[in-house]
Amino acid sequence: MSPRPMPRICRIPVSVGRMLALLALAPGLALAAPPETWSFDPVHTRVLFAVEHAGFSHAMGTVSGSTGTLVFDRDDWTSAHLDVQVPLQRLDLGDAKWNKAVLATNLLNGDRYPQAHFVSSSVEPVDGDHAKVCGELTLRGVSKPLCMDVTLNAVKRHPLPPFRRTAGFSATATLSRAEFGMTAWKNVIGDSVELRIEAEAIHGNGAGEPDNGTAPPADAPPGAEPAAEPTEPAGTDPANPQTTQQTTPQTTPESTTP
């Protein structure tokens, strides 16, 4: 009996085998792509804050010109990372005297600490368009944890030239000013500060940075501190620093308020 012929082994060329392996791994490679980097547009990014004013109303102000970067993948919120600087010298409450009072040494101390800085540490998605972003806020030289509720409004090509791809967000948060060392004016200014942030970020590094006028003088020695602003009199209302409390008690209860 003649021996039975050995079966032929089908061999795939090495180049074809590698191609098939890459095709099999393609979905995994796509998922492993790094998230994109975005730059905040300082013109269309603004922080609004509101704080109680002597029980009568909630004073509102804004800070424009924020800059920073956002690493973001809409399909994977957990990979997001936020690093933003807020130029406090651009604060505006609608009145020059009030602006100066809030930036004085016993409140924001804007000359010594011209910027607030937030860096995220975790992002917890709620759904496709919402997430809780937590991190560390440095304000007035003090760093404390802060969480924001963030809404993704849109990610799309901007309809106006130069038609850059833009992501838009809204966020809210609440902080205690006392935790950041601002304990002055307890009888006039509330402790709880409500924040609302409206932000637009441009894909890549297309956003410019405005001149916020906070750079120290060229001849200032390293570590030099600016001269302290005078502290307002004890009865001065930050909204109207020209008005002081009566030094002689009156017969009506209203005389005890600034």
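Me: Is Thr-45 buried or exposed?
Reply: This is a predicted model, and the value is computed from its atoms. Thr-45 is found in the loop between β1 and β2. Its relative accessibility is 3%, and the limit for a buried residue is under 20%. Thr-45 therefore counts as buried.

Me: Which residues does Thr-45 touch, not counting residues up to four places away in sequence?
Reply: The C-alpha atoms of Thr-45 and Ala-201 are separated by 8.2 Å, although the two residues are 156 apart along the chain. With residues up to four places away in sequence left out, the list of residues touched by Thr-45 is Phe-40, Val-63, Ser-64, Gly-65, Ser-66, Glu-198, Ala-199 and Glu-200.

Me: At what distance does the side chain of Thr-45 reach the backbone oxygen of Asp-41?
Reply: Polar contacts are pairs of N or O atoms within 3.5 Å. A polar atom of the Thr-45 side chain lies 3.3 Å from the backbone nitrogen of Glu-200. For the backbone oxygen of Asp-41, the distance from the side chain of Thr-45 is 2.8 Å.

Me: Which residue has its backbone oxygen 2.6 Å from a polar atom of the side chain of Ser-39?
Reply: Ser-39 lies in strand β1, which covers residues 36-40. Ser-39 counts as buried because its relative accessibility is 6%. The backbone oxygen at 2.6 Å from its side chain belongs to Gly-204.

Me: What is the volume of the largest cavity?
Reply: The structure holds one cavity of 30 Å³ or more. The space in the largest cavity is about 860 Å³.

Me: Which residues lie nearest the centre of the largest cavity?
Reply: By class, its lining comprises 39 nonpolar, five polar and two charged residues. The lining has 46 residues, and those nearest the centre are Val-47, Val-86, Leu-175, Leu-195 and Ile-197.

Me: What is the phi of Ala-54?
Reply: Most residues other than glycine have a negative phi. Ala-54 is found in the loop between β2 and β3. Ala-54 counts as partly exposed because its relative accessibility is 33%. Its phi is positive, near 55°.

Me: Is Trp-185 buried or exposed?
Reply: Trp-185 is in the loop between β10 and β11. It is not a glycine, yet its phi is positive, about 60°. With a relative accessible area of 9%, against a limit of under 20%, Trp-185 is buried.

Me: What is the omega of the peptide bond that joins Pro-161 and Pro-162?
Reply: Most peptide bonds are trans. Pro-162 lies in the loop between β9 (142-157) and β10 (165-176). The bond joining Pro-161 and Pro-162 is cis, with an omega of about 5°.

Me: How many contacts does the stretch of residues 208-236 have in the model beyond near neighbours in sequence?
Reply: The chain averages a pLDDT of 79, and 66% of the residues score at least 70. Over residues 12-17 the pLDDT is below 50, and this stretch has one contact beyond near neighbours in sequence. Where pLDDT is low, the predicted coordinates should not be read in detail. Over residues 208-236 the pLDDT is also below 50, and the number of contacts in the model beyond near neighbours in sequence is 40.

How values were computed
Residues are numbered from 1 along each chain as its sequence is written. This is a predicted model: local features need pLDDT of at least 70, side-chain atom pairs count only at pLDDT 80 or more; totals for chains, interfaces and linings use all residues. Side-chain values use heavy atoms; hydrogens and water are left out. pLDDT is the predictor's confidence in each residue, from 0 to 100. Contact means heavy atoms within 4.5 Å. On a 1 Å grid over the protein atoms alone, a cavity is a set of points where a 1.4 Å probe fits but cannot get out, and a pocket is an open set with protein on both sides within 12 Å along at least five of seven lines; lining residues have an atom within 4 Å of a point. Grid points are joined across faces, edges and corners, and a volume is the space filled by probe spheres set on the points. Ala, Val, Leu, Ile, Met, Phe, Trp, Tyr, Cys and Pro count as nonpolar, Asp, Glu, Lys and Arg as charged, and the others, Gly among them, as polar. Helices (H or I, at least four residues) and strands (E, at least two) are DSSP runs, numbered from the N terminus. Buried means under 20% relative accessible area, exposed over 50%, partly exposed in between (1.4 Å probe, protein chains only). A polar contact is a pair of N or O atoms within 3.5 Å; within protein, one must be able to donate a hydrogen and the other to accept it, and residues adjacent in sequence count only if both atoms are side-chain atoms.
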